[in-house]
Amino acid sequence: MPRITKIFNLNDPGWGRGNNNGSEPPKRPKGNGDGPPDLDEVWRDFNNRIGSLFGRKGGGGNNRPGNRGGMTPPSPRGTRIGLGIIALVLVLLWLASGFFIVQEGQVAVVTQFGKYKSTAQAGFQWRLPYPIQSHETVNISQLRTFEVGFRGSSRNKVLPEALMLTTDENIVDMQFVVQYRLRADGAPNYLFNMRDPDDSVRQAAETAMREIVGKKPMDFVLYEGRTEVAVEVQNLMQQILDRYQSGIQVSTVAIQNVQPPEQVQAAFDDAVKAGQDRERQINEGQAYANQVIPMAGGQASRMVEQAQGYKAKVIGDATGDAARFTSILAEYQKAPEIMRERMYLETMQQIFSRASKVMVDTKGSNNMLYLPLDKIMQQTARDATVKPTALPGASQPTIPQPPPRSTGASSSGNDGSGNTLTRDRMSR
């Protein structure tokens, strides 16, 4: 070991100055001896020092008689030491190759003979060197994005991806964007469970979108159902990727543009206008119905209430008349003469209460007395109206006198309202 230390001593002044093994004093180079050693000489001295571990190579004044080529056979002990040092250095270098650094937001998947062994987190890590173990770094914080149906802008379309069929047998041009990232524990699945995981995610997105759009009508996909379609596509994509154990988490599915194909855009616009007109007419009809139906219902309810009131009135009147007739019948059966006279008088009272003219025929005389009750009643009403406003000393209106009683042979008269009074009835 002291010999090896002496050979590889970096402070040896003989490096590059002709001293091959460090055992002899350095030789002074020709020319200026104060200059630095030549690089070629340094490299040659290093090779000579390495070679001295296995055999000493003579040079300059170091050649001795009996040595061919200036080589001395190596000793067995020196050979073993030199091989051991080389082997140790190689082992240390091989072990040092197992150190690696994992950046923040990444993980390293360690495999042993090609099989998954463990997952290394961010930091300075070590594994068994190759070929026993190896590692592959995966970025789990990166948000990966891809576009379906277009590239870059909506004008740069990819029709095989964008054209989809709806449930009402219409074709729509669907363009959407998918964003996804790896789960914290999904790096091994991302590397080993799928051959091309990114392309698998794209295919899963197209499959899910075609399935969801194929179950919806075109108007729903084009207008009010965009958000619902995006949510359903994201859920279906996640189910497919979880079934494959891909280790991928779908973050967002955003529909950028959806429209009918350009070839039928004009016809579609006409259909949209017709649909809008239909909706407008439906709304107008519904508004008219909302106005008319309550009014008709109110009128019907009013008529029903009036009919119910009339029904109750008729029934009540009939019931009262029947009860009154029953009570009169009972009294009539007790005293027929009295009840007959009383009924006659009540009837005549009802008739004369509505008569405006009365003619009185006395027995045994042909003179008839005429009483103008209507005129008297009108004059009385005028007097009642004028008296509160009449001034003191004003002349009062004169009540007309009844006309002179006419005489004749007639024994019957008319009361002016269609009622004819005979002498016989008056006498009764």
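**Notebook: loops, a helix and confidence**

I started at Gln245, which I found in the loop between helix 8 (226-243) and strand 11 (248-259). Its phi is positive, about 55°, although Gln245 is not a glycine. I noted the background: most residues other than glycine have a negative phi.

I kept in mind that this is a predicted model. I looked up the confidence next. The chain has a mean pLDDT of 76, and 70% of its residues reach 70 or more. Over residues 20-26 the pLDDT stays under 50, and the model gives them 17 contacts beyond four places in sequence. Residues 28-32 are also below 50, with 3 contacts beyond near neighbours in sequence.

I turned to another positive phi. Glu169 has one of about 65° and is not a glycine. I placed Glu169 in the loop between strand 9 (163-165) and strand 10 (171-182). Is Glu169 buried or exposed? Glu169 is exposed, at 69% relative accessible area.

I checked a peptide bond too. Tyr130 and Pro131 are joined in cis, with omega about 10°. Pro131 sits in the loop between strand 4 (123-126) and strand 5 (133-139). Most peptide bonds are trans.

I then tested helix 6 (residues 197-213). Its 17 residues, at 1.5 Å a residue, should span 24 Å; the end C-alpha atoms are 24 Å apart, so the two agree. I listed buried residues of helix 6, among them Val201, Ala205, Met209 and Ile212.

Last, I read the record. An unreviewed UniProt entry annotates residues 81-102 as "transmembrane region". In the model that span is 73% helix and 18% strand, and its end C-alpha atoms lie 38 Å apart.

How values were computed. Residues are numbered from 1 along each chain as its sequence is written. This is a predicted model: local features need pLDDT of at least 70, side-chain atom pairs count only at pLDDT 80 or more; totals for chains, interfaces and linings use all residues. Side-chain values use heavy atoms; hydrogens and water are left out. pLDDT is the predictor's confidence in each residue, from 0 to 100. Contact means heavy atoms within 4.5 Å. UniProt positions are given in the numbering used here, feature names are shortened, and annotations may be inferred rather than shown by experiment. Helices (H or I, at least four residues) and strands (E, at least two) are DSSP runs, numbered from the N terminus. The expected span of a helix is 1.5 Å times one less than its number of residues. Buried means under 20% relative accessible area, exposed over 50%, partly exposed in between (1.4 Å probe, protein chains only).
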